[in-house]
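Me: Got a model here that I'd like to talk through. Can you walk me through it?
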Amino acid sequence: MTRYADPHRCPDCRGPIVHGAATCPSCGLLLTGKTALDLFSVLTRADTLLATLRAASTPQPAAAAPATAAPLDLAPMPVQHREVAPARGLSAPSVPRILLGLGALCLLVAALVFLAVTWSVLGVGGRTATLVGFTAVAAGLSAWTGSRGLRAATESLALVAYGLLVLDVVGADHAGWFGDLSTPGLLALVGAVLAGT
């Protein structure tokens, strides 16, 4: 039977090693440290899963052993746990989220700069078309990345779409489309539009 977590074999070249050796004498693979312990834990788990699959794959005779008996006597070797200092810094999944969030913020700033520069040149129709077009593109990209299972990208693009939607409502107010709204009225309208979408 195949055994993956063998403390007497190198996990890479499968050459013989002395239990507790720092490196493999055949290939020089480092056998100590957190990564080596993690690898041994994964290989031990693979042995357990393989034993479960073997037990499920073999037909059981009519007079089988009691249900409490283990299907295979494949006891994984105990893993020696060492105290490891908690990792400092950012976890690997949080780095892309931060970068996507910063990218979304940069898109919103770029939209504001674009609108500030071209606002006087565009007419009311051009302003409206530009704002609605940017909002629709951001919302469409958010929906598309959501259908692909890219959660962080979906959240970032949705943030851009909501930010542009706020700009749409504020721009429509400044154009006089809502009459003479007070500041609390405008904030209530923005909140209602965001809650509605």
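Me: Which residues of H2 are buried?
Reply: Ser-94, Ala-104, Leu-108, Ala-111, Leu-115 and Thr-118. Buried means under 20% relative accessible area, exposed means over 50%, and partly exposed is in between (1.4 Å probe, protein chains only). Bear in mind that this is a predicted model: local features need pLDDT of at least 70, side-chain atom pairs count only at pLDDT 80 or more, and totals for chains, interfaces and linings use all residues. Residues are numbered from 1 along each chain as its sequence is written, and side-chain values use heavy atoms, with hydrogens and water left out.

Me: What do the buried residues of H2 pack against?
Reply: Helix H3 (124-147) and helix H4 (151-174). Helices here are DSSP runs (H or I, at least four residues), strands are E runs of at least two, and both are numbered from the N terminus.

Me: And where is Leu-102?
Reply: Leu-102 sits in H2, which covers residues 94-118. Leu-102 is partly exposed, with a relative accessible area of 48%.

Me: Which residues form the nonpolar patch on the surface?
Reply: Val-95, Ile-98, Leu-99, Leu-102, Leu-105, Val-109, Val-113 and Val-117, with about 710 Å² of accessible area together. Patch residues have over 30% relative accessible area and no salt bridge; like charges are joined within 9 Å, nonpolar side chains (Val, Leu, Ile, Met, Phe, Trp, Tyr) within 5 Å. A salt bridge is a side-chain nitrogen of Lys or Arg within 4 Å of a carboxyl oxygen of Asp or Glu. Areas come from the Shrake-Rupley method with a 1.4 Å probe, and for residues only the protein chains shown count as cover.

Me: How far apart are the end C-alpha atoms of H2?
Reply: They are 36 Å apart, which agrees with the 36 Å that its 25 residues should span at 1.5 Å a residue. The expected span is 1.5 Å times one less than the number of residues.

Me: Switching to H1, which of its residues are buried?
Reply: Among them are Leu-37, Phe-40 and Leu-43, along with Asp-47 and Arg-54. H1 (residues 34-57) reaches 34 Å from its first C-alpha to its last.

Me: Is Leu-30 buried or exposed?
Reply: Leu-30 counts as exposed, at 54% relative accessibility. Leu-30 lies in the segment before H1.

Me: What does Leu-30 touch?
Reply: Ala-22, Thr-23 and Ala-36, leaving out residues up to four places away in sequence. Contact means heavy atoms within 4.5 Å.

Me: Last one, how many helices and strands are there?
Reply: Five helices and zero strands. Buried residues make up 22% of the 197 residues in the protein chain.
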